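Subject: Structure handover

Hi,

Please have it open in your viewer as you read.

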Amino acid sequence: MKKHITLFMAASCLLAVLAACKTNEYGFTKRDIRSSQKLMGLYFEKSAIDTMYQYLGRNKRGYDTLRTYETRNETFPSMIFDPHPAGFEFPQAQENAPFTIPENIALPSNKEDLAFYTIPQLASLLKNRKITSLELTQLYINRIKRYDGQLQSVITLTEELGLAQARKADQEIAAGNYKGLLHGIPYGVKDLMAVEGYPTTWGAAPYEHQMVNYTSSVVKKLEAQGAVLIAKLVSGSLARGDVWFGGKTMNPWDLNQGASGSSAGPGSATSAGLVAFSLGTETLGSITSPSSRNGITGLRPTYGRVSRYGVMSLSWSMDKIGPMCRSAEGCEIVFNAIYGKDPKDPTTNNAPFNRSTKKPAELKVAYLRSDIDRDSSANGNNIRTALGVFKEMGITPTAIELPTNYPFNVFDIILRAEAAAFFDDLVRSGNVDNMVEQTRGSRANSLRQARFIPAVEYLQANRQRRQLIEEVNALFQDYDVIISQTSRGSQLLTTNLTGHPVVTFPTGFDQRNRPTSITLIGNLYDEGVILALARAYQTLTDFDEKHPPLFSK
């Protein structure tokens with residue numbers, strides 16, 4: 001009897017093994033399906049799982065086939081994000097007054113002071129040949145060599161390129177071929193932007209030696225204006241935070257504090273006078289946050305304003321490129337040079353940049369009262385003081401709130417799913433394990449877990465996003481500008497999802513002498529209005545003229 005039981009058990013085990021093998025023909029079992037559905041909050045009966053098993057297996061084989069095809073970094077998805085609400089009409093071009101170059105600018109007794117001159121001041125000196133671009137470029141390069149050890153804001157010094165461009169600028173200016181305010185002025189770009197002949201590291205160890213054999217469109221635009229590229233500046237690793245493969249970028253106002261990110265290098269270097277201006281990128285705060293932290297002015301333009309060809313993608317439907325300068329006027333000048341249609345970037349268009357001709361008192365202005373009133377910190381106090389400055393201009397803002405009835409706790413799956421697609425090879429190769437940060441909040445961890453975001457939920461989140469776009473646009477039918485805190489509340493996520501432009505600029509300091517800031521939100525393609533209002537504020541205050549003491553001696 002025992003012998004028969006033993007044989008029966010052995011046979012049963014064999015059948016179980018055979019069944020398991022059959023069930024595992026696609027590399028996963030039906031039990032795996034039952035377990036994985038818990039991640040999505042779903043439950044299917046056994047019969048349903050039985051019927052879907054082969055279908056899922058076929059899907060998996062399709063994924064395996066898809067991964068054998070090359071997809072170039074420059075390739076945008078065929079589904080292009082459209083930030084325009086129903087019935088949206090692009091603004092009509094107007095005749096803009098030319099930017100003015102002051103004529104009475106003299107060289108300072110201490111040439112180190114030039115590091116903090118405004119773009120128009122430097123342009124005056126260069127145009128009138130009181131200084132050469134080569135001299136100015138060498139001054140900034142020397143400052144990088146002297147100070148960047150403390151800041152870690154520069155990944156690659158493009159010294160040879162910068163000196164060559166400076167010599168060319170001097171020859172052109174001497175020959176009477178002056179190209180405009182950026183001609184001969186040294187600048188830096190976040191190291192997500194490709195520059196031929198130099199590494200494009202994306203701030204991440206797996207790409208430390210990556211060479212891209214062409215130059216990004218936005219850098220080419222500045223080159224055409226005669227600007228001088230002297231540095232590729234730190235991006236937090238794969239556009240997250242201020243930690244990169246070489247260390248941590250620091251705030252020049254407080255060397256014990258990070259510069260914030262992910263445009264950490266542009267924020268720190270511009271603030272410390274290592275470049276005259278810089279370019280950053282933003283997906284979810286990466287221009288506004290380091291601009292705030294480092295006490296400079298940053299413009300995040302309307303989605304699709306500036307070409308991203310040749311620039312690392314984090315989220316095709318959320319990425320933007322913008323100027324990071326020491327004043328709103330600087331942002332106006334740089335933005336005017338880089339915006340516009342690029343056939344290589346399908347999200348760009350021909351919408352004009354109209355500089356505002358309205359006086360501040362003529363603007364319809366609102367403010368996000370609840371977020372501002374709840375902030376009892378120095379930042380909140382300084383914003384309330386700033387509201388007093390706006391009142392002096394004849395502005396009495398209306399208290400409003402942004403829409404709140406949306407699933408804000410899930411919207412970031414849009415960014416994370418798109419990032420996971422761009423960095424698919426990095427994750428599947430295992431090279432994601434070589435990134436410096438491996439914490440719960442790291443980019444490496446974000447990329448791994450994003451592989452478990454269901455396509456259905458990604459699309460559902462985007463449907464909610466469309467409703468948010470319509471509601472925010474309806475709000476903007478009544479206002480030209482909305483005054484906001486830079487990072488509190490839902491403003492940062494909301495405006496990055498809807499594609500609205502913002503400008504962030506300093507409002508003073510906290511108890512530790514760290515800069516504080518305020519943010520102005522504008523209508524789609526209406527950067528001119530928020531920049532003009534920021535410029536008017538900076539005319540009445542001097543916070544944009546303050547510089548980190550350790551780097552302005």
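One definition to begin with: two residues are in contact when they have heavy atoms within 4.5 Å of each other. Some ground rules come with that: this is a predicted model, so local features need pLDDT of at least 70 and side-chain atom pairs count only at pLDDT 80 or more, while totals for chains, interfaces and linings use all residues. Residues are numbered from 1 along each chain as its sequence is written, and side-chain values use heavy atoms, with hydrogens and water left out.

Leaving aside neighbours within four places in sequence, Ser292 is in contact with Thr486, Thr504, Pro515 and Ser517. Ser292 sits in helix H9 (residues 288-294); helices here are DSSP runs of H or I with at least four residues, strands are runs of E with at least two, and both are numbered from the N terminus. With a relative accessibility of 16%, Ser292 counts as buried. Buried means under 20% relative accessible area, exposed means over 50%, and partly exposed lies in between (1.4 Å probe, protein chains only).

Now the whole chain. There are 18 helices and 15 strands in the protein chain. Its radius of gyration is 26 Å, close to the 24 Å that the globule rule gives for 553 residues, so the chain is as compact as a globular protein of that length. That radius is taken over C-alpha atoms, and the rule is 2.2 Å times the number of residues to the power 0.38. Along its principal axes, the C-alpha trace spans about 110 × 50 × 45 Å. Of the 553 residues, 56% count as buried. Among contacts between residues at least 6 apart in sequence, 76% join residues at least 24 apart.

The chain carries 60 positive and 54 negative side chains, and the centres of the two sets lie 6 Å apart. Lys and Arg count as positive, Asp and Glu as negative, and His and the chain ends are not counted; each charge is placed at NZ of Lys, CZ of Arg, CG of Asp or CD of Glu.

How many disulfides are there? The count comes to 0, taking a disulfide as a pair of cysteine sulfur atoms within 2.5 Å. Cys325 is in no disulfide, and the nearest cysteine sulfur, that of Cys331, is 3.9 Å away. Cys325 is buried, with a relative accessible area of 1%, and Cys331 is buried too, at 0%.

Gly340, which follows H10, has a positive phi near 125°.

H4 is mostly covered as well, with 7 of its 9 residues buried. The buried residues of H4 pack against helix H5 (133-151), helix H6 (159-174) and H10. After H4 comes Arg129, with a positive phi near 60°. Leu114 lies in the loop between helix H3 (46-66) and helix H4 (119-127), and is buried at 0% relative accessibility. Its contacts, leaving aside neighbours within four places in sequence, include Leu122, Leu125 and Tyr140.

Finally, some backbone geometry to look at:

- A cis peptide bond joins Gly261 and Ser262, with omega about 5°; Ser262 is in the loop between strand S7 (254-258) and helix H8 (264-271).
- Trp202, not a glycine, has a positive phi of about 55°. Trp202 is buried at 5% relative accessibility, in the loop between strand S2 (186-190) and helix H7 (217-224).
- Tyr525 has a positive phi near 65°. Tyr525 is buried at 4% relative accessibility, in the loop between strand S15 (515-522) and helix H18 (527-540).
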